[in-house]
Amino acid sequence: MGNESLANLMTEERRFAPPAEVVADANVTADAYTAAAEDRLGFWAEQARRLSWETEPTEVLDWSNPPFAKWFADGRINVAYNCVDRHVEAGHGDRVALHFEGEPGDSRSLTYAELLREVSQAAHALTELGVEAGDRVAIYMPMIPETVVAMLACARIGAPHSVVFGAFSADALATRIEDADAKVVITSDGGYRRGAPSALKPAVDEALTRPGVAGRVSNVLVVRRTGQDIPWQDGRDLWWHEVTERQPAEHTPQAFDAEHPLFILYTSGTTGKPKGILHTTGGYLTQIAYTHHAVFDLKPETDVYWCTADVGWVTGHSYIVYGPLANGATEVLYEGTPNTPHNGRWWEIVQKYGVTILYTAPTAIRACMKWGDDIPAQFDLSSLRILGSVGEPINPEAWIWYRKHIGADRTPVVDTWWQTETGGIMISPLPGVTLAKPGSAQVPLPGISATVLDDEGNEVPDGSGGYLALTEPWPSMLRTIWGDDQRYLDTYWSRFPGRYFAGDGAKKDDDGDIWLLGRVDDVMLVSGHNISTTEVESALVSHPRIAEAAVVGATDPQTTQAICAFVILRGGADAGDEDGALVEELRKHVAKVLGPIAKPQRILPVEELPKTRSGKIMRRLLRDVAEDRELGDMTTLTDATVMELIQAKLPGAS
Ligand code: WT7
């Protein structure tokens, strides 16, 4: 990026005050910002007291060897005890922890007392298999209760888990097992996906034959979910139910140092081998429990919380497993896809369980917009009181749609910015405090320091753009990249010495609120102006005919880069644009919203956009299309046929 700051084109004037009923009873009020600003470390020390420590910490932050942080270093704690046992001890054993909803429609509710028994038995089972504190365990599972049980059992015995998303290939699994040197793998025969059983175990078998992995894993524990036939290696493979059911129902949790490793989670990044992001125990759980309490305003006695993410992502780790359970929440765990067997499946689940807090991703919201307003309208969604968003910038129109059609034009929407590396939410409105602006994550949470820097590392003034940076360490920060301290330093701490470089473009508006503009690699340079793909996408989505848009900069001899947009029209396939009039109208619309400099040179209506399995648009592939190049690596794409469909749309293709 040149010296000039990122474009700051979009103006969004709509504002939404927090509803009186949320304000009246909010878990966190504006005082928290003041308290944390006066004494940041004191504030976090106080949040650490939400947890039950075996040994209370006397230290807060040790930053004597930056950027290698230690939080609450002399404290000792057991994470599983905090997520399960203490709620049972407090008399809430009969409270439902998990309402599991299987994709085929089977369901099962587990109380905290039942969860305690299952976690205890699983902890004994792992110990019987020789897993000791510090040993790594790989978990490759569908979205079923045993996945949560397995993670908590690992935490209970101090064995860091490495959860690998269930839709990843045998190769991806092998790389991760090898990098973490996992001793045991926990998997299932399969899971239900789009109406059919989909096998998992064969991928484990295949991964375990790869060089570098073969012979290292002593046991594979297999949960029976679908009952389908699977290959079996006697001696190595064991049924989960056979090994766990014969274990004692009680297990004494042992406390670990606050900096004991809790989990490794791999993020792909655009280049190079995946990075094993390491999270530890006491600081992580402190920030996750606090943010879940503050951002979602959770009332454990009455709320029913649902985060639609997969446990294979950090959102699932922090806001399905550790945050909600540390806070004693009742939550929904859903196995399948939003449109199986029909496009209203999610809303049916909200109605069935009376979900009050929903946390999902912009990509899912835009898919629902595309399916039509009439789908959610068929269900009773009146239980909802807080809506959350995470994963990418949410376009103002998607934000408005979410609030209006899911939240009855009444619920706050919290747009939460964070990363696998940050472990927990960093920038977000508070539902009982913040005057909300659609499309902006707005303000760092109490105790968090974030800002926007220019190329030289100076803070930009309000009204300007640059790079998002975190200026103080935070409790749930990654501690390093597993086995690669140097890469940790190079990736996050070298761009702006002393500050954490998040890799996202951002701007501050005139009120100082932060707007995320996408990964810095996704910023376009057009005739000397830096223009964010996010802003052009939001401008396109603000047109009533557009459901979703992906924008890339294609090399152009005249303007350096030319803006090229791929759009999905509302109403689906039959809403085509044979005469090109709509495309012209859309170009004018962007020029009107953002200014003529941001007018796309090309707009291509398509059926689908290429996405990773976590829902992020793969702009790299679209750039290949726009620049008429052979397509690059497609292994992380959910569905490779999408690219064929897009290429078939190009002028010149038959
Ligand atoms: C990247 C991190 C955080 C859990 C899921 C993703 C983007 C995330 C937002 C948001 C704008 C967002 C950023 C970030 N992102 N949330 N609310 N607004 N962008 O975790 O896979 O580690 O991705 O997701 O680009 O850097 P991840």
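Let's start in a loop. Pro67 sits between strand E1 (61–62) and strand E2 (70–71). Helices here are DSSP runs of H or I with at least four residues, strands are E runs with at least two, and both are numbered from the N terminus. The peptide bond from Pro66 to Pro67 is cis, its omega near 0 degrees.

Before going on, what you are looking at. This is a predicted model: local features need pLDDT of at least 70, side-chain atom pairs count only at pLDDT 80 or more, and totals for chains, interfaces and linings use all residues. Residue numbers run from 1 along each chain as its sequence is written.

Now the confidence. pLDDT is the predictor's confidence in each residue, from 0 to 100. The protein chain has a mean of 94, and 96% of its residues reach 70 or more. Which element has the lowest mean pLDDT, and which the highest? Strand E27 (residues 529–532) is the lowest, at 84. Helix H6 (residues 145–157) is the highest, at 99. Residues 1–6 have pLDDT below 50. In the model, that stretch has 22 contacts beyond near neighbours in sequence. Contact means that the C-beta atoms of two residues, placed from the backbone, lie within 7 Å. For the complex, the predictor gives an ipTM of 0.99 and a pTM of 0.91.

Back to the backbone. The bond from Thr340 to Pro341 is cis, with omega near 0 degrees. Pro341 lies in the loop between strand E17 (330–334) and helix H12 (345–353). Then there is Gln442. Gln442 is not a glycine, yet its phi is positive, about 70 degrees. Look for Gln442 in the loop between strand E20 (413–415) and strand E21 (450–453).

Next, helix packing. Axes are lines fitted to C-alpha atoms, for helices over the stretch in contact, and angles run from 0 to 180 degrees between N-to-C directions. Under 35 degrees counts as roughly parallel, over 145 as roughly antiparallel, 65 to 115 as roughly perpendicular, and the rest as oblique. A crossing is left-handed if the near helix is turned anticlockwise from the far one by less than a right angle, and right-handed if clockwise.

Take helix H4 (residues 79–92) and helix H5 (residues 112–128). Their axes come within 9 Å and cross at roughly 135 degrees. H4 and H5 are therefore oblique to each other. The crossing of H4 with H5 is left-handed. On the H4 side the contact uses Ala80, Val84, Asp85, His87, Val88 and His92. H5 answers with Tyr112, Ala113, Leu115, Leu116 and Val119. That contact has eight nonpolar, two polar and one charged residues. For these classes, Ala, Val, Leu, Ile, Met, Phe, Trp, Tyr, Cys and Pro are nonpolar, Asp, Glu, Lys and Arg are charged, and the others, Gly among them, are polar.

H4 also packs on H11. The angle is about 60 degrees, with the axes 8 Å apart. That makes H4 oblique to H11. H4 passes H11 in a left-handed crossing. Val79, Asn82, Cys83 and Val84 in H4 meet Tyr322, Leu325 and Ala326 in H11. By class: six nonpolar, one polar, no charged.

What is the handedness where H5 crosses H6? Right-handed. The angle between H5 and H6 is about 60 degrees, and their axes are 8 Å apart. H5 and H6 are therefore oblique. The contact of H5 with H6 divides into 10 nonpolar, one polar and two charged residues.
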